[in-house]
Amino acid sequence: MFRLIHRLGLSPAEVKAACSAINRFRGYGVTCDAIAMGESAVRKVKMGRQFLETLGPDGPVRINSANFLMPRLGTEFADVMQQTSPIIGIGLTYEPILLSVHGPRDQAEQKVIGAGRYRGGAFVTVSGLREFFGFRPDTGEYAMHQKSAIDAVELAVCHEVGHVLIESYGRSMENLREEWHCNHPQCLMQETSDIAHFVEHAVKARLNFCKECARRIRMEVETLRRDSEEYD
Ligand SMILES: [Zn+2]
Ligand SMILES: [Zn+2]
């Protein structure tokens with residue numbers, strides 16, 4: 001029910017790491033295939049056309065927070081989940097993902113590792129990790145710490161798939177802000193501020209989902225599976 005849709009230009013190791021990330025959810029009953037982007041890649045994918053437009057053939061992936069953060073994460077997504085197309089796309093790119101915080105493009109854009117629950121699926125980039133670990137296009141490898149870099153790609157994809165499967169963590173009491181991240185200190189779904197923090201914290205500690213996140217994921221996969229069986 002998941003499909004990794006990747007741009008051409010990613011290294012085989014990066015694509016493989018992203019697939020292993022999705023395959024980590026196998027224990028929950030998730031299935032996954034991988035395909036290079038193109039018209040046929042989005043067949044039966046939720047919001048397929050918009051998904052393809054967002055991933056694009058080149059250039060940064062632009063995420064408009066107005067489409068999914070307000071009034072609550074996944075408003076659009078909840079509608080999408082009702083659609084009959086059974087496959088959830090996970091887009092992988094090597095160019096930046098730019099999150100526009102206030103809507104239109106001319107306002108502040110922020111580089112992010114990924115965006116979950118957008119266009120019916122999620123998007124992840126290796127752009128920041130390539131910079132951090134010194135990716136060498138000539139060899140298709142990372143100059144430093146190839147293994148850590150590849151682990152980081154895997155964990156980044158895992159985190160975004162987690163967002164797809166976990167709706168939200170409720171609202172914080174003081175400012176009624178919706179919480180998108182888990183506050184368990186050993187959970188992969190906690191918030192990390194930037195690439196360095198993510199690598200230092202999540203990758204080195206090989207974080208995984210905490211018990212509560214694992215429970216939510218299991219429940220959501222159950223629902224998705226029922227829905228896609230109805231579709232078949
Ligand atoms: Zn997150
Ligand atoms: Zn958690």
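Start with the largest nonpolar core of this predicted model. The core has 65 residues. Select Ala18, Ile22, Ile90, Phe123, Val153, Val157 and Val161, the residues with the most contacts inside it. Nonpolar side chains tend to be buried together in soluble globular proteins. Which helix gives this core its largest share? That is H5, with eleven residues.

Select helix H2, residues 48-55. Which of its residues are buried? They are Gly48, Phe51, Leu52, Thr54 and Leu55. Look down the axis of H2: the buried residues fall within an arc of 160°, so they line one face of the helix. Now turn to the other side of H2, where Arg49 and Glu53 are exposed. Then show what covers the buried residues, including strands S1 (2-6), S3 (61-64), S4 (88-93) and S8 (121-125). Step past the end of H2 to Gly56, whose phi is positive, near 60°.

Last stop: select helix H5 (residues 146-165) together with helix H6 (residues 195-203). Their axes come within 11 Å and cross at roughly 90°, which makes H5 roughly perpendicular to H6. On H5, highlight Ser148, Asp151, Ala152 and Leu155; on H6, highlight Val199, Ala202 and Val203. These residues make the contact. By class, five are nonpolar, one is polar and one is charged.

Technical notes. Residues numbered from 1 in each chain as written. Chains lettered and ligands numbered in written order. Predicted model: local features only at pLDDT ≥ 70, side-chain atom pairs only at ≥ 80, totals over all residues. Axes fitted to C-alpha atoms, helices over the stretch in contact; angles between N-to-C directions. Helix = DSSP H or I, 4+ residues; strand = E, 2+ residues; numbered from the N terminus. Parallel < 35°, antiparallel > 145°, perpendicular 65-115°, else oblique. Contact = placed C-beta atoms within 7 Å. Nonpolar A, V, L, I, M, F, W, Y, C, P; charged D, E, K, R; others polar. Core = buried A, V, L, I, M, F, W, Y, C linked by C-beta atoms within 7 Å. Buried ≥ 20, exposed ≤ 12 C-beta atoms within 10 Å, placed from the backbone. Arc of directions from axis to C-beta.
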